[in-house]
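Hi everyone, thanks for coming. Let me put the structure up, and then I'll walk you through one chain of it.

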Amino acid sequence: MRLQLALKDASIGAVVAALLFIPLVALRTDVGSAGALVLRYRWADAAILIGLVFLGRLALVLWTGRTGLRPSTSAGPWTQRLQQAGRLAAPAFLAFALVLPAIPGIDRYWLDLGILVLTYVMLGWGLNIVVGLAGLLDLGYVAFYAVGAYSYALLAQYFGLSFWVCLPLAGILAAFWGVLLGFPVLRLRGDYLAIVTLAFGEIIRVVLLNWVSLTGGPNGISGIPRPSFFGLPFSMAGGEGTFAGFFGLEPSSTHRVIFLYYLILALALLTNWVTIRLRRQPLGRAWEALREDEIACRALGINVTVTKLTAFALGAMFGGFAGAFFATRQAFISPESFTFIESAIILAIVVLGGLGSQIGVAVAALVLIGGTEIFRDLQEWRMLVFGGAMVVIMVLRPRGLVGTRTPSIALGKRRAIDGKLVGEGHG
Amino acid sequence: MSHPILEVQGLTMRFGGLTAVSGVSFAAGSGEITALIGPNGAGKTTLFNCVTGFYRPSEGIIRLHKRGEPPTELQRLAGHRIARAGVARTFQNIRLFPGMTALENLLIAQHNRLMASTGWGIGAVLGLSGYPKAERQAVELAKRWLTATNLMDRADDPAGALPYGQQRRLEIARAMCTGPALLCLDEPAAGLNPRESDELARLLLDIRAERTSILLIEHDMGVVMRISDRVVVLDHGVLIADGTPAEVRGNAKVIAAYLGEDEEEAASA
């Protein structure tokens with residue numbers, strides 16, 4: 001009886017797989033020798049995939065029963081184990097991040113990947129303030145990243161200011177734009193807020209693209225100064241007054257990469273530290289209360305507009321820091337780097353990690369950004385693997401990897417709160 | 001009546017062509033419990049929303065008289081300033097922060113006081129301000145109200161996981177943590193069983209004993225007649241009676257409009 005049910009279930013799965021894989025895999029167009037498109041059939045590949053789905057589903061149903069895999073937001077035995085591991089995992093991650101450049105066999109490629117992942121961790125944590133804590137759906141976060149990057153690039157180009165002067169300025173300018181955007185849109189809620197922030201992200205990009213006299217338009221800005229080590233430039237020439245010369249080291253291009261790595265690590269940790277501190281204070285609690293129930297907040301005398309604006313401005317500020325870092329790392333920026341897909345990736349990191357969870361966001365960034373790089377060998381399959389992984393996570397854990405909320409204060413022991421009770425915000 | 005805490009004069013609220021409240025004037029005494037009753041659709045909640053700043057009245061004046069302070073005209077204040085002026089409220093459909101613990105709920109109610117101690121948030125992030133002390137005081141106040149509402153053992157539980165009656169009490173505790181001069185309750189006994197209603201009545205009398213005035217909308221006549229010092233009756237947006245519970249119970253207009261069909265219940269209450 002059970003086998004019969006399982007067979008039926010697996011057949012349905014196979015049919016769905018067939019509908020997907022026949023057009024996606026079995027039919028393939030290639031450019032033929034004459035330059036025309038040629039249709040090639042790959043029935044065998046498609047059949048293997050469909051067979052895998054059938055057998056996989058069969059095994060799953062036989063093993064766990066039809067209802068074996070249920071979506072869960074609560075703190076089940078698994079999550080509790082994960083949380084215990086998480087208490088160890090966070091310091092372990094941190095320690096690993098700190099010693100990474102010193103590990104033998106870590107070359108330039110891995111450091112660059114580390115820098116990329118950490119940039120997204122920082123952006124994820126920045127957006128987490130807006131989306132995760134305050135519950136305001138922001139689809140245009142990349143705009144603040146762009147403001148930060150262009151602030152540094154333009155200030156350096158036109159006024160010759162150094163990176164260390166520009167870094168706070170970039171943050172302040174991004175926060176200023178956050179407030180400027182916030183004022184008109186924060187009366188909107190939910191879908192409307194999302195659409196307006198999306199538009200704002202595009203407006204910034206289009207302005208950067210078309211204001212050729214200032215930003216160089218699609219050509220971007222090149223020759224952005226690299227950061228110095230407290231005034232000591234990283235130079236291949238060595239000699240007096242350079243980093244290598246001062247410390248008596250062999251000049252190497254790795255020095256700058258290691259320095260950039262630690263710089264973004266410090267910036268990301270700053271974001272994390274400020275967020276954790278604020279969560280335990282009235283401002284952070286007010287953000288979360290706003291996500292839970294805006295009307296009740298108003299009845300308690302909380303100025304809803306100002307509270308939302310602080311969340312927007314602070315999130316934007318960290319986006320601006322990350323943008324300035326991005327500009328100095330690349331030494332070249334153009335509007336191409338700040339398209340909507342970036343906003344979408346950052347939002348995906350936050351949602352996948354679990355709204356409001358710091359460790360969840362870090363793990364999601366590692367998986368999403370690091371994973372994309374590591375699976376580069378899979379070529380066009382990479383995106384399929386990714387889409388699949390995201391769907392699986394969202395089906396099994398609809399509130400993200402860490403779906404529970406930790407109270408900011410407790411008389412006794414802090415117990416995680418089930419994700420089902422926690423609001424998602426309505427904009 | 002002692003001197004009034006709240007004075008409503010000629011209050012009118014129109015929604016388009018519909019007049020929900022029309023020229024209502026009454027006063028709520030300081031340190032008293034004033035009940036606002038009336039049949040469904042009488043305009044009680046509309047009046048309530050005007051007093052608590054959720055609606056801006058079309059006409060009329062709402063004055064809050066706090067002891068030793070010049071009167072405040074509530075209808076001129078922005079929504080979030082009403083609570084700061086000293087008016088706290090609860091909602092007919094409970095509006096707690098369900099994903100936050102009972103204690104967190106009570107701390108958010110003290111947001112403005114706590115926020116002032118953090119030095120615009122920056123000082124507290126850097127650990128420079130007097131925030132820890134302010135937070136300790138806030139936790140003490142929260143504990144006091146948790147004890148008063150008999151919720152002390154649920155302090156660390158999420159508000160959304162509490163049973164209905166406890167959520168009602170927590171909402172009152174949260175309103176009291178704002179330190180109000182006037183507490184406005186919208187049907188606090190709705191959905192409570194008789195024992196819980198009794199507990200609620202006792203809680204409200206305790207709150208009154210601490211010199212906090214109460215304005216209350218309620219359908220449970222047992223509770224209203226037992227604890228109110230004054231009863232104001234609305235029907236179709238118009239004030240039809242205003243007096244002590246005994247006076248109102250004997251008022252022919254009130255019986256016709258509201259208690260009419262069910263005199264026995266009113267008498268037994």
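Quick housekeeping. This is a predicted model, where local features need pLDDT of at least 70, side-chain atom pairs count only at pLDDT 80 or more, and totals for chains, interfaces and linings use all residues. Residues are numbered from 1 along each chain as its sequence is written, while chains are lettered from A and ligands numbered from 1 in the order in which they are written.

H1(B) covers residues 44-51, and seven of its eight residues are buried, meaning 20 or more other C-beta atoms, placed from the backbone, lie within 10 Å of a residue's own. Among them are Leu47(B), Phe48(B) and Val51(B), and Lys44(B) is on the list as well.

Zooming out, chain B has 12 helices and 10 strands, and buried residues make up 48% of its 269 residues. The C-alpha trace spans about 65 × 40 × 35 Å along its principal axes.

And what does chain B do with chain A? Here 32 residues of chain B are in contact with 33 residues of chain A, contact being C-beta atoms, placed from the backbone, within 7 Å. On the chain B side, H2 (79-85), H3 (102-108), H4 (111-117) and H5 (122-125) each supply at least two residues.

Definitions and conventions. Contact = placed C-beta atoms within 7 Å. Helix = DSSP H or I, 4+ residues; strand = E, 2+ residues; numbered from the N terminus. Buried ≥ 20, exposed ≤ 12 C-beta atoms within 10 Å, placed from the backbone.
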